[in-house]
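User: I'd like to learn how to read salt bridges in a protein model. Can you walk me through it?

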Amino acid sequence: MIRRSRAGDGEALRHAVSLLEPEIAALSRTMRMETNDAAQTLRTKLIELILNESGQTRD
């Protein structure tokens, strides 16, 4: 799924993120920011990790 996501398969990327939605929801409730913003931040970082072949973020 990650290989397909990196190759541009948007459906594979959506599926990978959806598999982790329960964890994203749980983590977002513990972060010191508004829950929806926290969840979106986690999704964005997850997508960045999936699409970045080295597995590292740019921070």
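Analyst: Let's go through the salt bridges here, pair by pair. Keep in mind that this is a predicted model.

User: What's the general idea, and how many salt bridges does the structure hold?

Analyst: Side chains with opposite charge can pair up when their charged atoms come close. In this structure there are 4 salt bridges.

User: Okay, which residue does D9 meet in a salt bridge?

Analyst: D9 pairs with R4, at 3.1 Å from N to O. D9 counts as partly exposed because its relative accessibility is 26%, and R4 is partly exposed too, at 47%.

User: Where do E11 and R14 lie?

Analyst: Both sit in helix 2 (residues 10–19), 3 residues apart, which is about one turn of the helix.

User: Is R14 buried or exposed?

Analyst: R14 has a relative accessible area of 53%, so it's exposed; the cut-off for that is over 50%. E11, at 49%, counts as partly exposed.

User: And which residue forms a salt bridge with R43?

Analyst: That's E21, with the closest N and O atoms 2.8 Å apart. This pair links distant parts of the chain: R43 is in helix 4 (residues 35–51) and E21 is in helix 3 (residues 21–28), 22 residues apart.

User: Why does R43 count as partly exposed?

Analyst: Because its relative accessibility is 22%, and buried would mean under 20%.

Methods: Residues numbered from 1 in each chain as written. Predicted model: local features only at pLDDT ≥ 70, side-chain atom pairs only at ≥ 80, totals over all residues. Heavy atoms only, no water. Salt bridge = Lys/Arg side-chain N within 4 Å of Asp/Glu carboxyl O. Buried < 20%, exposed > 50% of the residue type's maximum accessible area, 1.4 Å probe, protein only. Helix = DSSP H or I, 4+ residues; strand = E, 2+ residues; numbered from the N terminus.
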